Amino acid sequence: MVQFADIIRQVETYRAGEDLSLLQRAYEFTATQHAHQKRLSGEPFISHPLEVVFILAGMKMDPVCLAAGMLHDVVEDTRTTTELIRQNYGAEVARIVEGVTKISRIKFLTPEEAQAENYRKMVLAMVDDIRVVLVKLADRLHNMRTVEFLPPDRRERMARETLEIYAPIAHRLGMGKIRGELEDLAFRHLEPEAFEELKRTIESRRKVSDEFLVEVRELVEAKMKETNIPARVEGRIKRLYSIWLKLRRQGIPIEQVYDLLAVRIITDNVKNCYAALGIIHNTWRPVPGRIKDFIAIPRPNLYQSLHTSVIGPHGQPFEVQIRTEEMHRVAEEGIAAHWKYKDGRPLTQQDEERFAWLRHLVEWQQEMRDPGEFLSTLKIDLYPEEVYTFTPKGKVIVLPRDATPIDFAYAIHTEVGHHCVGAKVNGRIMPLKYRLRNGDIVEIVTQPSHTPSRDWLGLVNTSRARDKIKHWIKIEQRQQSLEIGKRLLEREARKYAVSLKKLTAEDYIRVAREYGGAAAEDLYAGIGYGKFVARQVLAKLTPTAKLEPVQVSRLASSVKRALGVASDAAIQVDGHDDLMVYRAKCCNPVRGEEILGYITRGKGIAVHAKHCSNVQNLLYDADRRIDVEWQGPKYTLYPVKLALFTEDRQGMLAEVTSVIAGVHSNIQNIEARTGSKRANIDVTVDIVDIEHMEKIISSLRKIEGVYQVERVMQP
């Protein structure tokens, strides 16, 4: 356990002679408040704030931040109030503690609306004082280091939110060291079998890898010395989570991971960075397409370095990173290495750039009303993989990987995006679906009469472009639906000889509230979308009128037959029993999964799994979303396609089919492809519900030589 004296020694290395009485008082108070409390590990509770402050001291945080880190749990876990903190330790400390306490109370797996609102609070807390999130990251890091003492459900929940939210935030703040540890800790508990297998694979190569890195490091040091370039050289093996992610995404064997081993050269200035790159390329053959210059064009989180992959001794590929000492400090510590509170100095231009993404985050989150959309966009914005493009005048436009000219257009200006009709890339006309590459020079062609297309939602990759397109379509679609709904209601009124002129605004408001709206326009829009039935609305508007009954269910059945759409008997639309319902082919949801319905014109209700990748593109208009639930017989069979990545050995296919039969499932189709001592097996099986599917996947993963099993979703 870290002792307070260890923290003081650490702080004195970078703040020698400074008054640390604030931190001393905070420690004494915290020790008293938590005196009789223990952690689940059995350790005294005070061990946690001490560890958190030790992590913050490693980031070279100021005494105010360290004091807040020491006190971060007292408001939540004792009877201490924020006001008492303010009186005894000052407004700054109190504000940070209050911010951390609010974030700590976030329950990340609560219903969607509450979850989105809590994320918003976190984003705003970050903008108000970045130290709030630095303390929270340190808190989360220590909790993840001891997460094995939690019950399995809480352990999994904490690991998942760490991987989905906290690690990406650390990445966006440029804090590579903390991000890496958070990811590996979360990976260990979310995918324990994959973690252990990969760990064994790496450990089996450890001796050879270490010897290789020593050989390369000594050679690089000698080369640098020969050319009088001051440098220190480090070697490292790629982190387990990063390796696993690459193997999973690219479906490649570990031998093809070019950056599995890496050497880092840290020198004194930019000129020597480029000189070192030349020496490396003269010593070993570079891998084409693997040279990246993040010094000339830094990443959005201001990460700077030269990256290259080369074929080293014995034909072993490895990565070389070259940077200055300052670049290295920023790469490891991120915003903590260069931040606005350090020594009381004002923000520099670099600080402003580093905070720019936070300001953009706040701007678009204030415009967004749909919580599902907000959560999806937040995750995209937190973890982009960048591509660097240019305007014809040379301005750099940084976009996520796979961005298109439409993304580029919206990055320039909303109106440029709205009126975009084409693009010239490197002087040649390219389609709007073209995926931009590093170094592309893009010129957008516009036409004043042109407007966005719904198809664009399937092409864009930036939150800004997606939000602007959705906003435009929503306004356009709502206007169309208003007109259609009004005509349908008027036609229904003529059919039953009912006069709408006698109705007052209050009548419309009364009925609109019954449907969750606020005015006549909401009723018209609902009817136009197909969410409300015109006759039902008319009946509620004129309760005293005698409307002839219509055989709704028979009519609905006739329409279904005419359209050739069969309603799925296993799904019920909330509050309706006569609407056409079908499971979307893109995600093919199965019983037990969370689902939502989306009103489509002419086809009824399309039901998607909430995690479906197409959901966010569809839900640009929240008015067309409708609640659905599972119903009917529990033993309906659903076909699900699984993809297996395995070693190529005799008997593998037989074991796979045997295991599937052993968990009471039928195989509809199976295909296998082999190559490079690896095999890809695609199998479509019948499953009863989500638990049945998870049991099948779990059983398949236990087969020796099966590296990965995934459910296949259609794009």
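Trainee: On what basis are the values computed?
Mentor: Residues are numbered from 1 along each chain as its sequence is written, and side-chain values use heavy atoms, without hydrogens and water. Because the model is predicted, local features need pLDDT of at least 70 and side-chain atom pairs count only at pLDDT 80 or more, whereas totals for chains, interfaces and linings use all residues.

Trainee: How many disulfides does a search of the whole structure find?
Mentor: A disulfide is a pair of cysteine sulfur atoms within 2.5 Å. For the whole structure, the search gives a count of zero.

Trainee: Is C65 buried or exposed?
Mentor: Buried means under 20% relative accessible area, exposed over 50%, and partly exposed in between (1.4 Å probe, protein chains only). C65 has 0% relative accessibility, so its class is buried.

Trainee: Which residue forms a salt bridge with R131?
Mentor: A salt bridge places a side-chain nitrogen of Lys or Arg within 4 Å of a carboxyl oxygen of Asp or Glu. Here the closest N and O atoms are 2.7 Å apart, and the partner of R131 is E92. The pair joins distant parts of the chain, 39 residues apart: R131 lies in helix α9 (residues 131-145) and E92 in helix α7 (residues 91-104).  Helices are DSSP runs (H or I, at least four residues) and strands likewise (E, at least two), numbered from the N terminus. The partner asked for is E92.

Trainee: What separates E183 and R179 in helix α11?
Mentor: These two form a salt bridge with closest N and O atoms 3.3 Å apart. Because they are four residues apart in helix α11 (residues 176-190), the separation is about one helical turn.
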